[in-house]
Every structure is written in structure tokens, then in C-alpha cells.
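Visitor: Hello! Could you walk me through this protein, one question at a time?
Guide: Gladly, let us have a look together.

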Amino acid sequence: MPIDVTTLDLTTRRFAPLTLLGVATLLSATGNGIVVVALPWLVLEQTGRATDAAIVAGAGTVPLLLASLLTGTVVDRFGRRRTALVSDALSALSVAAVPVLAATVGLSVPLLAVLAALGAVFDPAGISARESMLPAATRAAGWSLDRANSLYEANYNLAYLIGPGIGGVLIAAVGPVNTLWVTSACFVLSLVTLTFLRLEHAGRPDRSTRPASLWAGTLEGMQFVWRDRLLRTLALVDMVIVALFLPIESVLLPTYFTGMDAPSLLGWVMMSVSVGGLVGALAYGAFASRLRRRTLMLVAVTVLGAATIGMAFLPSLWVLVLLGTLIGLAYGPVGPIVNWAMQTRSPEHMRGRVVGVMTSTAYAAGPAGILVAGPLIDSTGVRTTFFALALPMVGVAAVCFALPVLRELDPDAESRSPYRP
């Protein structure tokens, strides 16, 4: 049977934006996944102090709050594709600076903290820009938002599966400094991919819809999110979870496995969370029409609390891997659900700002958690600190069960959204 060339060409064009956006996201997130392992390992290799690793990790998260708030306005003012391109270029340069300076003037904890902070300033712009382009790419492909969000978040989990795994292997093979060259290359390839992207609403917005100024636009985004009960609740819940779980990934686990001199084992545990998240996100896309979003949220926070407590006992490697997989599996649908809430409750011309504000709340409490975790590890040990972070997660789950606003996540609330794409 002959192939209909015209149909094949139309199908290719239809899925091209979603494919290019997915590839660029995968490459960028993979680079960040490598950094999550390589940078703390580099610090611990030099000083052996968890507090120093926490300082560098904290320096990499502190700028994220302000940067995320402002870059959403940048996206809405200067355009989504342009912002993503500039973000990838600057991220590549900031990461490449680490091996360059290591070979010239040498590295220190303060210098690494500055470089981590510099790199963190650029990432949120790219994240907000790519996220804001997703609804248009979804429409071009003729997919539902649930299906597209499922694959988009699965893409992130795949990246954080590949990134830490590659990072752990490369650290063992060539050292943490040279490993960062691979991260820089990931950002460059993401930039190249985005140069081929052509998409509705990806260019510079119309003058009448642009934010009047950086600060005015940011304030508008914050007010919009705060006035929307569902977005406000999701943002606050995410803040608490990030504050508790980010130190586990950034400081606790690296400290534990550094003491064992086993970077590859750290990679296995980090990868297990991403494997579970990948499967969970894909499963959500396949069964979204039969599931209730609120139920999935409650399952996610409950499993997260229980599994993290299990991890705090520091069991054998394979038990840690199993618990990490369970966390990822249960929490995999949360990203697509939050994306759906942002996309269906925000107008097109404000989507960058809404995404930026929601993303910034995820970073708001992270630095505090990291900076508390480092000294706590040095004074009380890894296990005690683990329990201090894990137990409050059970409280988060209990609070979520008592929040009636989460019922608006279910399909019968969609008709009340004035901005459904």
C-alpha cells in the first residue's frame, strides 16, 4: 500500500512543535540533573563538610525565588522562544565557567557558591518559557492537555533519571569538574533544538498585552495567583514539600554516599525516584479520563510522607531504591495536575507570569531547608536529620485531606474555568 506523502508531511508538521519542545526540555533538564549530583560532590570532595555542600546548594536555590518571579514577566514581555534561547545560552556559559576556573585560578567554596547562584538565575526563565509554550504545542498536535502534560512531566523525570545516572558514572570516570562540560553541552544542544521551533504565541507578544514594566507585571502575576484559591493552595503545599524534600536530594543523600565513597550508588537512588516519576506521569496520561485529580494528589502526599520516613532508617541500597521508586510513582501525576491547573486558570497573555510565580513558590522555602539541613547533619548526623525532614511530610498529607479547595481539581470544576485553552 503506497504511503500518502501529503498526510505524512502534515502529521510531521503537526507534531513538530511538541517534539522539539520535548527534546529541548529533556536536554536542559538532563544538564540540571547532572549538576544536582556533580556540584555537591565537588564541594564534598574538596572540603568533606556537609555544611559547605549546603552553602553551595543553598546559593544555587536562593536566586531561584526572585529569578522565577521576574522571569515570568520577562517571558510575557519579550516572548517565549527568545527567552528560552537566551536562558539556555547563559546557563551553558555559567556551567562551563566551573571547569575553566578550576583549570586557571582554582576553586573555593565561596566561588562555587557564586557560580551556583549565577547559574540558578538563568534556569527559571527557560523553564517558564518552555512551560508557557506547551498549550499551543498541544493544540497544534490535537492532543488533550492531560495527555500532553503527562508526557511533558515524564520528560522531566526521564531527564532526572538520565542526568544523575550520567553524573554518577562520569564523576567516577573523569571527576566532578570535567563532568560539568557535559552539562554545558546539554544546554547548547537545547538551544540549537529551539532554533527550529515555530509556534503560535511563541514570538514577542502584542504591545497591548505586554506587562507595563518588570515589577508591575510581576505584581500582577502574584496577585492573580493569590486570588485564585486553587493555585494559591497548590503553591503553598508545593513550598512546604520542596522545603522538606530538596535538602534530602541536595545534601542528605550526597553526604551519606560520600561517606561511603560511592557516587554511583547515589546515582541509583536518585534515578529510582525519576523512574517511578516517569512511570507515574505516563500512567496519568493514559488513565486521566478515569481518575480524579484530588484523589491522586492525596495519594501522592501520603506516600511521600510514608516512604520518606522509611528512607530515614537508612536501610540497604535496594530498599532505598524501592522507596525512591514508590515516591516517584505516587508523585508522578502531581506535575501534570499542577500544569493543568495553571493552563486552565490563566489567560494566554499572563501565562508566563502565572508559571513564573508558581515556579518561584517551589523555590521559596528550599534555601531555608537546605541551610538548616547542612549544620544539622554535622551536629546530629544524617539519620536524625532525615527524620526531622520526613516527619513533617506526614503532617502535609493530613492538611491536604482537610482542604476542600482541592475538589476543584476534578473534571466537574473545568466548566468554571474562563481560560480553558
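## Helices, contacts and cavities

Guide: Welcome! Leaving aside residues up to four places away in sequence, I309 touches F387, A390, L391 and V394. Keep in mind that this is a predicted model.

Visitor: How far apart in space are I309 and M393, C-alpha to C-alpha?
Guide: Along the sequence, 84 residues separate I309 and M393. In space, from C-alpha to C-alpha, the distance between I309 and M393 is 8.8 Å.

Visitor: Are α9 and α11 roughly parallel or roughly antiparallel to each other?
Guide: The axes of α9 (residues 229-259) and α11 (residues 293-312) come within 13 Å and cross at roughly 25°. Angles under 35 degrees count as roughly parallel. Therefore α9 and α11 are, relative to each other, roughly parallel.

Visitor: How many residues of the contact of α9 with α11 are nonpolar?
Guide: On the α9 side, the contact is made by L234, I241, F245 and I248, and on the α11 side by M297, V301, L304 and T308. One of the contact residues is polar and none is charged, while the number of nonpolar ones is seven.

Visitor: And α12: is α9 roughly parallel or roughly antiparallel to α12?
Guide: The axes of α9 and α12 (residues 317-331) come within 15 Å and cross at roughly 155°. An angle over 145 degrees counts as roughly antiparallel. So the arrangement of α9 and α12 is roughly antiparallel.

Visitor: Which residues of α12 make the contact with α9?
Guide: The crossing of α9 and α12 is left-handed. From α9, the contact takes in I241, F245, Y256 and F257. From α12, the residues are L317, L320, I327 and Y331.

Visitor: How much space lies in the second largest cavity?
Guide: The structure has two cavities of 30 Å³ or more. In the second largest cavity, the space is about 30 Å³.

Visitor: Which helices each supply at least two residues of the lining of that second largest cavity?
Guide: The lining residues include S28, S87, D123 and F187. By type, the lining divides into two nonpolar, four polar and three charged residues. The helices that each supply at least two of the lining residues are α1 (5-47), α4 (80-103) and α5 (109-141).

How values were computed. Residues numbered from 1 in each chain as written. Predicted model: local features only at pLDDT ≥ 70, side-chain atom pairs only at ≥ 80, totals over all residues. Heavy atoms only, no water. Axes fitted to C-alpha atoms, helices over the stretch in contact; angles between N-to-C directions. Helix = DSSP H or I, 4+ residues; strand = E, 2+ residues; numbered from the N terminus. Parallel < 35°, antiparallel > 145°, perpendicular 65-115°, else oblique. Contact = heavy atoms within 4.5 Å. Nonpolar A, V, L, I, M, F, W, Y, C, P; charged D, E, K, R; others polar. 1 Å grid on protein atoms, 1.4 Å probe; cavity = no way out; pocket = protein on both sides within 12 Å on 5 of 7 lines; lining within 4 Å. Points joined across faces, edges and corners; volume = space filled by probe spheres on them. Left-handed = near helix turned anticlockwise from the far one by under 90°.
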